[in-house]
Amino acid sequence: MSVGRRSSSFYKGFNSDNALDFSKRSSFDRDVMLERVYPGRLILPMLQHHGDECIPNVKIGETVAIGQCVGAPAPGTMAVPVHAGISGTVTAIRPIVLPDGRTSMSVFIEGDRKRTYHPTVRPRNNVNVSAATVMGIVRDAGIVGMGGEGIPAIVKINRAKKFKVKELLVNCLQSEPFADSDYLIIDEYADHVIMGAVALAGSCGVKIINILISKDRKKEITALRSAMERSFSMYSGYAFNFIFLKTRFPQGYYRMVARAVYGVNLEEGECLENRCRAVMFNCSTVYSCWNAIAESMPLVSRTVSISTEDGLLRNVVAPIGTPVSELLDNVSGFKGSSRIIVWGNALTGLQIDNPETTPIIKTTSGICLITDVQDINSPCISCGKCSDVCPVSIEPDKLYMLIKNGREKDAERLGAGKCIGCGACSYICPSYIKLSGVVADFAALKRRKGSYPYSAVGDSEWIDDLALLSADPVSSAESRKPVSDTITLPFEGWETE
Ligand code: SF4
Ligand code: SF4
């Protein structure tokens, strides 16, 4: 193992200090330990990521256990399985509309408070798995990118192999103000992040692991460095590097990373894998992959930062599918709040009116509570600030007008599809024009229709031969017994095909 360092940044976006000044917040009251939330019910949309909806494979009245698959992909689709994070009974299967406008069939589960685990959820002792096995585990665990749009992890692995990437990037750049759920994962599970990174590197066939992190995250850097040192003897064939980046928003987005780390401006249809020969996973995604490998636990929960504009921040671990209302009722300091609820983070989130029927999903890293929404919408004064901050160098004011006037072809020609929905333009606009809502929605629609990078290089073949978990549930105590397996720790003898 070697540990190296680099330092770089892309050139636009926000310094997060400015963002914090803008909100006039006091310093965070930050929890040291992660709280855990045990909701009484779940709403599990079959579509929670960038891709296709899966199909419910349970029936109303059926009992389900923690880790049980309740939704399975149809062959040939870019869907991922969905699993239950509580045990209980399926009470309904019907569509819901997500805050981003997508409609998804959803499985409703009423909890039994027994916390019964599915028999397939059991720790693996002596882990020694092949690259192909890791790919199967990651695929069947329904793991998607947990820091952004939610690209299925198996799609990225396949893409890494297809383009013969040389480096694996672990994205520890959580730059949204008021969000630090990823940092809590590093603080508490740095070893798991490092082991997950090695597992993914092995499955992608690379030996270089670069940790991307803001240089001011001293505590997390120390935790990761210690984890690397602990694993030195196990992973001596791997080279670890820290790449330190300046604190800017939205520095973790793949286009910004391409520019900051490789000096490359990705064009339409290009991605890190095919242009920079690198594959990137968010650190929470990496942690979840390790959980799936070591514990056979599919992606059933995630950390969520819950924050208010007056400085209260809690990081909680909640089952995916927890209704936002239950999440808030179960976390100290938020029960009964009458504030406006933002589903997502401060700059990129969406206001919701129905927290009882809106769940957190695999990509929800934050919930923000605010007291006021600026709804002034004055005329544009052509100050140019929105273009100055746009990290993908498009002109939000022009695109906003074109889209509003139905000139979609012109908007596309001027690069509207590049918008990453960072919210920086709306944030900076002195006229409070909701630029990002219009431009980002337009770009998201285009991406869903397949016009942009992640559908441009044949991702639809990845899901064939999906082996779904289907055994009957057993009691919690019984299901937690370790099983003998062919797998041994540490990872050795990777088969990289
Ligand atoms: S146009 Fe899109 S990418 Fe540019 S600042 Fe606005 S939201 Fe961000
Ligand atoms: S920041 Fe607002 S006012 Fe200034 S050019 Fe952009 S849209 Fe117009």
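Modeller: Helix H6 (residues 254-262) is largely enclosed by the rest of the structure, because 8 of its 9 residues are buried. The buried residues of H6 are Tyr254, Arg255, Met256, Val257, Ala258, Arg259, Ala260 and Val261. A residue counts as buried if 20 or more other C-beta atoms lie within 10 Å of its own, as exposed if 12 or fewer do, and as partly exposed in between, with C-beta atoms placed from the backbone. Helices (H or I, at least four residues) and strands (E, at least two) are DSSP runs, numbered from the N terminus. Just after H6, glycine 263 takes a positive phi of about 65°.

This is a predicted model, in which local features need pLDDT of at least 70 and side-chain atom pairs count only at pLDDT 80 or more, while totals for chains, interfaces and linings use all residues. Residues are numbered from 1 along each chain as its sequence is written, and chains are lettered from A and ligands numbered from 1 in the order in which they are written.

Val257 of H6 is among the residues with the most contacts inside the largest nonpolar core, together with Val138, Val170, Val193 and Val439. That core has 153 residues; a nonpolar core is a set of buried Ala, Val, Leu, Ile, Met, Phe, Trp, Tyr and Cys residues joined through C-beta atoms within 7 Å. Helix H4 (residues 181-204) gives the most to this core, with 15 residues. In soluble globular proteins, nonpolar side chains tend to be buried together. Valine 170 touches Val193, Ala197, Ile209, Ile211, Leu212, Phe281, Cys283 and Val286, leaving aside residues up to four places away in sequence. Contact here requires C-beta atoms, placed from the backbone, within 7 Å.

Across the protein chain, buried residues make up 53% of the 497 residues. The chain has 15 helices and 21 strands. Of its contacts with a separation of 6 or more, 77% are between residues 24 or more positions apart.

Proline 359 gives an example of a buried loop residue: its place is between strand S20 (350-352) and strand S21 (366-370), and it is buried because 29 other C-beta atoms lie within 10 Å. Proline 359 touches Leu42, Ile43, Pro45, Gly321, Thr322 and Pro323, again not counting residues up to four places away in sequence. Its C-alpha atom is separated by 9.2 Å from that of glutamate 326, 33 residues apart along the chain.

Two other loop residues have a positive phi. Most residues other than glycine have a negative phi. Arginine 115, in the loop between strand S11 (103-111) and helix H2 (131-140), has a positive phi of about 50°. With 14 C-beta neighbours inside 10 Å, arginine 115 counts as partly exposed. Lysine 164, in the loop between helix H3 (153-162) and strand S12 (167-172), has a positive phi near 50°. Lysine 164 is exposed, with 11 other C-beta atoms within 10 Å.

The ligands come next. Ligand 1 is surrounded by 17 residues, of which the closest are Cys390, Cys419, Cys422, Cys425 and Ser436; a residue is near a molecule or strand if its C-beta atom, placed from the backbone, lies within 6 Å of it. Helix H13 (424-428) and helix H14 (435-448) each supply at least two residues of this shell, and the largest share, 4 residues, comes from H14. The shell around ligand 1 has 14 nonpolar, 3 polar and no charged residues. In this classification Ala, Val, Leu, Ile, Met, Phe, Trp, Tyr, Cys and Pro are nonpolar, Asp, Glu, Lys and Arg are charged, and the others, Gly among them, are polar. Around ligand 2 there are 14 residues, with Cys380, Cys383, Cys386, Asp397 and Cys429 coming nearest. The shell around ligand 2 divides into 9 nonpolar, 3 polar and 2 charged residues.

As to confidence, the chain averages a pLDDT of 81, and 80% of the residues score at least 70; pLDDT is the predictor's confidence in each residue, from 0 to 100. Confidence is highest in strand S5 (residues 41-45), at 98, and lowest in helix H1 (residues 16-23), at a mean of 35. Over residues 16-32 the pLDDT is below 50, and this stretch has 25 contacts in the model beyond near neighbours in sequence. Residues 451-474 also have a pLDDT below 50, with 54 such contacts. Where pLDDT is low, the predicted coordinates should not be read in detail.

Methods
Contact = placed C-beta atoms within 7 Å.
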